[in-house]
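Have a look at the structure on the screen, and I'll walk you through a few places in it.

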Amino acid sequence: MLKFLIAMVVTILNFGCSNLTQKKEQPRSPSSNSSPPVSHLTATELAKFSSLAQSQDSKRLHLLFSHLRKAQILVSTFDQRLEKAQKSTQVDALLRSNLYCKIVEVRTINEEIEEKLLATAKGAYQNGHETTAWFYDQLVAFAHEGIAHQVAMIQSLRVLNNQASDLCGTPNCILSDIKQLKGFSIPPLDNTAFADFVKANKSLIAIQSDSNKSDLEPGSCFEDTKRFPNQSQTYDWKNRNWVGSTLPDGHFIFTYDDGPHKVFSQEIGDAWINAGLVKPTFFWLSKNIEIYPDVVKKINAQGYIIGSHSDRHADLGNLTKAQSPDDFNKVNKHIFADELINLAPEDFEEWKNQVLDREIVRAVKQLSLAIEKPVRYFRLPYGSGTKQSKIGDLFQRIDVDHFFWRVDSLDWQDKNPETIRDRVLTQMSSVKSGIVLFHDVHLQSLEATKLLIQAIRDSKKWKAVPLKALPGLKEGIQ
Ligand SMILES: [Zn+2]
């Protein structure tokens with residue numbers, strides 16, 4: 001054990017002392033049998049690195065990386081299935097499949113995973129060069145475990161780079177470290193090279209299709225909850241859950257969720273307007289509306305359609321189906337942790353009703369107050385809870401329509417604008433018309449939007465239309 005620790009310390013120290021250029025020139029020390037020299041280690045350095053190795057930080061980081069790899073594998077599998085889909089019905093089925101449910105499940109914890117990754121990186125940068133070197137050492141070592149690992153780690157490096165100022169003080173402080181990392185098949189921040197690499201290695205990254213046929217079967221996450229025998233269906237899910245399939249061929253509605261964001265929402269909107277195209281639609285969270293009232297005010301004054309995306313982005317489908325807090329998935333456990341501590345089991349159902357009221361009814365009211373007009377449009381976080389009776393009852397009560405999608409950019413996982421654009425265009429070509437899902441809280445979504453706008457203008461066969469263009473949508477006030 002001590003030998004391993006010393007070996008690890010020396011790896012880290014060599015890495016640290018000689019800057020990142022020395023990285024990966026030699027096999028990693030733990031796999032080397034030669035006894036490393038230890039004479040240059042001070043007692044303080046030894047203590048620091050020993051505690052790093054013993055504190056489980058490496059294991060924890062490996063676990064985070066594994067989550068990110070899983071997300072990458074599922075998204076690459078989605079892309080591969082998309083390529084094989086010939087008809088629009090096959091793409092529609094893909095977005096209701098077991099595979100898509102798995103993607104949604106990973107999506108519910110992805111934000112938390114990325115936050116932990118950023119927090120670890122920030123801690124490493126604050127701790128000094130040796131700890132930063134340890135962080136990158138772990139990341140590169142994970143990348144070496146396989147192609148999917150490498151792609152996931154490149155996505156991670158992009159996450160770090162997008163948050164550079166917060167992590168280490170300047171917009172370029174991560175960039176210089178990334179440039180010096182050895183062992184990646186392509187430069188991690190080269191968009192085109194990355195897109196080509198992912199495409200060339202898709203079958204190695206994706207789940208093998210033959211062994212997982214059930215992936216394409218209807219997903220259980222979209223099943224309705226059973227109604228009580230005497231309960232009548234109040235909400236017309238069939239006609240009020242829009243995906244855009246009734247639009248004329250070539251027509252698409254572009255939507256952005258999870259904002260408002262302090263800069264990206266406006267920049268995304270401007271990108272569409274400056275290209276002479278129709279404004280996109282936003283579905284915003286009340287928690288963010290509270291943080292950025294000025295953004296709301298400005299964008300609303302510019303005449304955008306803004307719908308509600310709930311308050312805190314809980315998984316309302318999971319919440320509705322849960323018999324007890326034990327049934328909650330990670331995102332709900334995280335969001336409701338404080339409220340669940342003192343909740344008596346007999347109060348659970350009543351508490352759930354209150355949460356649903358807060359996340360749907362009150363969120364709509366709050367948005368309505370902020371934009372000073374009635375809100376008639378809603379989108380459930382993760383699309384979860386779509387077609388569930390209990391949620392439909394609330395929609396009925398406040399008279400909102402629900403908007404799902406036919407084209408998913410998967411821009412929360414994919415940090416490369418080129419592959420995001422390609423994924424969207426592939427789906428647009430297959431389904432011919434529909435609602436497109438993006439998020440206005442990521443840099444890559446803004447960049448992908450710009451590339452997509454260029455593609456739309458070049459091809460002349462696509463037309464961006466406003467949400468109100470949906471044939472049959474009840475005339476709204478917005
Ligand atoms: Zn969302």
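**Starting with one glutamine**

Let's begin with Gln 80, which is in contact with Lys 202, Ser 203 and Ala 206, if we leave aside its neighbours within four places in sequence. By contact I mean that the C-beta atoms of two residues, placed from the backbone, lie within 7 Å. Before I go on, this is a predicted model, where local features need pLDDT of at least 70 and side-chain atom pairs count only at pLDDT 80 or more, while totals for chains, interfaces and linings use all residues. Residues are numbered from 1 along each chain as its sequence is written.

Back to our glutamine. Gln 80 and Ala 206 are 126 residues apart in sequence, yet their C-alpha atoms are 7.2 Å apart in space. Gln 80 has its place in helix H3. Helices here are DSSP runs of H or I with at least four residues, strands are E runs of at least two, and both are numbered from the N terminus.

Is Gln 80 buried, partly exposed or exposed? It's partly exposed, because there are 17 other C-beta atoms within 10 Å. The cut-offs are these: 20 or more other C-beta atoms within 10 Å of a residue's own make it buried, 12 or fewer make it exposed, and in between it is partly exposed, with C-beta atoms placed from the backbone.

Phe 78 is in helix H3 too. Phe 78 counts as buried because 25 other C-beta atoms lie within 10 Å. Not counting residues up to four places away in sequence, Phe 78 touches Leu 99, Ile 103 and Leu 410. From Phe 78 to Ile 207 it's 129 residues in sequence, but 9.3 Å in space, C-alpha to C-alpha.

**Zooming out**

How many helices and strands does the chain have? There are 22 helices and nine strands. Of the 478 residues in the chain, 45% are buried. And if you take the contacts with a separation of 6 or more, 80% of them are between residues 24 or more positions apart.

**H3 against H7**

Now for how helices pack. H3 covers residues 57–84 and helix H7 covers residues 147–162, and the two pack at an angle of about 105° with their axes 8 Å apart. An axis is a line fitted to C-alpha atoms, for helices over the stretch in contact, and angles run from 0 to 180 degrees between N-to-C directions. So H3 is roughly perpendicular to H7. That label is for 65 to 115 degrees; under 35 is roughly parallel, over 145 is roughly antiparallel, and the rest is oblique.

On the H3 side, the contact is made by Phe 65, Leu 68, Arg 69, Gln 72 and Ile 73, and the H7 residues include His 149 and Met 153. By class, that contact has seven nonpolar, four polar and one charged residues. Nonpolar means Ala, Val, Leu, Ile, Met, Phe, Trp, Tyr, Cys and Pro, charged means Asp, Glu, Lys and Arg, and the others, Gly among them, are polar.

Next, helix H21, residues 417–431. Its 15 residues reach 21 Å from first C-alpha to last, close to the 21 Å expected at 1.5 Å a residue. The expected span is 1.5 Å times one less than the number of residues. H21 is mostly covered, with twelve of its 15 residues buried.

H21 packs against helix H22 (residues 443–459) at about 50°, their axes 8 Å apart. That makes H21 oblique to H22. In this contact, residues of H21 including Ile 420 and Val 424 meet residues of H22, among them Leu 451 and Leu 452. The contact divides into eight nonpolar, one polar and three charged residues.

H22 itself has 17 residues and reaches 25 Å, close to the 24 Å expected. Its buried residues pack against helix H13, H21, strand E8 and strand E9. Just after H22, Lys 460 also takes a positive phi, of about 65°.

**One last stop**

Finally, Asp 315 lies in the loop between strand E4 and helix H16. Why does Asp 315 count as buried? Because 25 other C-beta atoms lie within 10 Å. Leaving aside neighbours within four places in sequence, its contacts include Thr 108, Asn 329 and Tyr 382.
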